[in-house]
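Colleague: I am new to this structure. Can you show me how to read its features?

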Amino acid sequence: MSPEMNAEEGPDLVVAGAGGGLVAALRAAEQGLSVLVAERNEHFAAGNNTAMSTAMIPGAGSRWQREAGIDDSPETFLADVLAKTHGEADERLARALTEVSAPLVEWMADALELPMSLVTDFPYPGHTRLRCHTVPGRAGRSLLQHLVRAVHDHDLVDLLVPARLTDVVVGPDGVEAAVVTGPNGEERIPCSAVLLATNGFGADADLVRRHVPEIAEAVYYGSEGSTGDALRIGERLGAATAYLDAYQGHAALAMPSATLAGWATVMHGGFLVGRDGRRFGDETTGYSEYAAQSLEHAGGEAWIILDQRIHEACSQFQDYRDTDDSGAVRWADTAEHLGEAIGVDPAGLRDTLEQVAASASGEPDPFGRSYWEQPLRPPYAGIAVRPALFHTQGGLVVDGRARVLREDGEPIGGLYASGGAAHGISGHGAGGYLAGNGLLPAFGLAYLAADDVARGAG
Ligand SMILES: Cc1cc2nc3c(=O)[nH]c(=O)nc-3n(C[C@H](O)[C@H](O)[C@H](O)COP(=O)(O)OP(=O)(O)OC[C@H]3O[C@@H](n4cnc5c(N)ncnc54)[C@H](O)[C@@H]3O)c2cc1C
């Protein structure tokens with residue numbers, strides 16, 4: 001523990017999980033609080049979900065949007081969240097997160113000196129405004145590395161690795177201690193506030209089968225540390241849970257490289273086909289729900305079809321460049337040759353390309369897709385993709401201050417949850433997921449939790 005921390009009283013805040021939880025640590029430290037971050041995995045900076053992400057963080061009404069002439073507001077964003085979830089999302093939490101979204105991305109740029117910018121080259125499904133902000137390379141790994149450096153540089157934050165939070169002691173007045181297990185055994189750290197930022201339960205196959213059976217057969221492409229620790233600890237303490245069937249899927253995990261081809265491929269005009277060379281839906285509804293579509297209609301074996309223009313547009317993403325470097329993007333000068341090269345029915349693919357050209361030129365699309373940038377031109381490329389589970393979205397019920405609530409709606413004093421540990425704003429299943437619904441609850445709830453602890457300490 002650093003000299004700033006009183007060994008007997010402990011830190012002002014214990015954060016379990018060094019993903020989005022680092023935002024809470026830095027926000028709390030900025031306000032003079034001492035923080036201990038306990039992280040179970042030595043390789044977290046390369047392997048947790050924040051590191052694996054594409055670093056898209058929505059901010060509604062940000063200064064970058066104003067500079068770009070985009071008229072947006074928390075109300076408009078909230079309406080998008082409610083529309084995408086068909087009104088199923090928790091409106092109180094969605095309101096708190098949409099309101100904090102722009103202050104959050106601006107704070108990340110100003111206080112953390114992250115080089116944030118607005119993504120203006122394509123829209124994500126379900127967002128009626130361009131509002132995703134990101135860092136150069138659009139890679140969560142560099143975003144997380146920046147946060148880790150900031151934590152190391154801060155006198156008020158200690159990072160304990162490997163150290164797994166195994167319990168939280170709660171007395172009549174709220175949190176009394178965090179119990180952490182590391183190489184030297186179990187340690188009881190006195191404190192009055194704990195943030196559970198340990199993500200969801202995607203890495204626990206039994207829990208996935210129980211709560212999210214529709215995606216249990218897909219590849220799990222998320223943090224190995226997401227074993228549901230927050231859920232177990234919270235439930236033991238009497239916390240309510242909600243939306244345990246909610247998850248972020250993704251239909252574009254490139255194979256055999258297991259890298260993210262990304263949905264920018266689709267939003268720039270690409271489309272997915274099965275082995276018969278035929279499409280099986282409107283891809284622009286969203287990449288999350290399309291994972292289950294791919295399992296149901298294509299047996300989980302699909303190919304993204306694109307052209308040179310789309311390929312170049314997607315090269316802004318480090319993940320896409322990694323996919324290309326792996327050799328997963330296969331090229332051919334005609335539809336038939338591409339079909340032969342990638343193992344897709346050539347005649348079916350030729351028919352589909354003709355149909356897509358008509359749809360992109362304004363004719364009605366058989367699946368109702370209306371967003372196309374322009375028809376594809378040869379040479380064509382194909383990327384084999386599999387559906388994946390990225391993370392679970394349900395969890396402990398929190399309020400707009402990130403406080404964990406009991407069944408009766410009363411907070412468990414001093415206990416907070418963020419990111420995949422909390423219940424999220426994506427409604428049920430996969431269809432309510434909007435790009436950014438992972439990092440916004442991860443960073444936004446962490447930010448709100450830190451502010452709440454600081455208010456209590458002040
Ligand atoms: C490929 C990919 C791309 C994505 N892109 C985006 C995107 O662009 N935008 C978006 O909004 N979302 C995106 N997501 C989702 C997003 O990454 C997650 O929703 C978000 O990172 C979750 O943050 P978190 O802090 O809850 O979890 P994590 O970042 O996974 O951090 C949790 C940490 O807790 C540690 N931990 C677990 N249990 C314990 C314990 N008991 N004690 C101590 N430590 C523990 C874990 O090791 C881990 O380091 C993407 C996900 C993937 C897989």
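Colleague: How many disulfides does a search of the whole structure find?

Modeller: A disulfide is a pair of cysteine sulfur atoms within 2.5 Å. The search of the whole structure finds 0. This is a predicted model, where local features need pLDDT of at least 70, side-chain atom pairs count only at pLDDT 80 or more, and totals for chains, interfaces and linings use all residues. Residues are numbered from 1 along each chain as its sequence is written, and side-chain values use heavy atoms, with hydrogens and water left out.

Colleague: Is Cys-132 buried or exposed?

Modeller: Buried means under 20% relative accessible area, exposed over 50%, partly exposed in between (1.4 Å probe, protein chains only). Cys-132 has 4% relative accessibility, so it counts as buried. Cys-314 has 1%, so it counts as buried too.

Colleague: What percentage of the residues of the protein chain count as buried?

Modeller: Of its 458 residues, 61% do.

Colleague: What radius of gyration does the protein chain have?

Modeller: The radius is taken over C-alpha atoms; the globule rule is 2.2 Å times the number of residues to the power 0.38. For 458 residues, a compact globule would have a value near 23 Å; the protein chain has 22 Å, which agrees. Its C-alpha trace spans about 75 × 45 × 40 Å along the principal axes.
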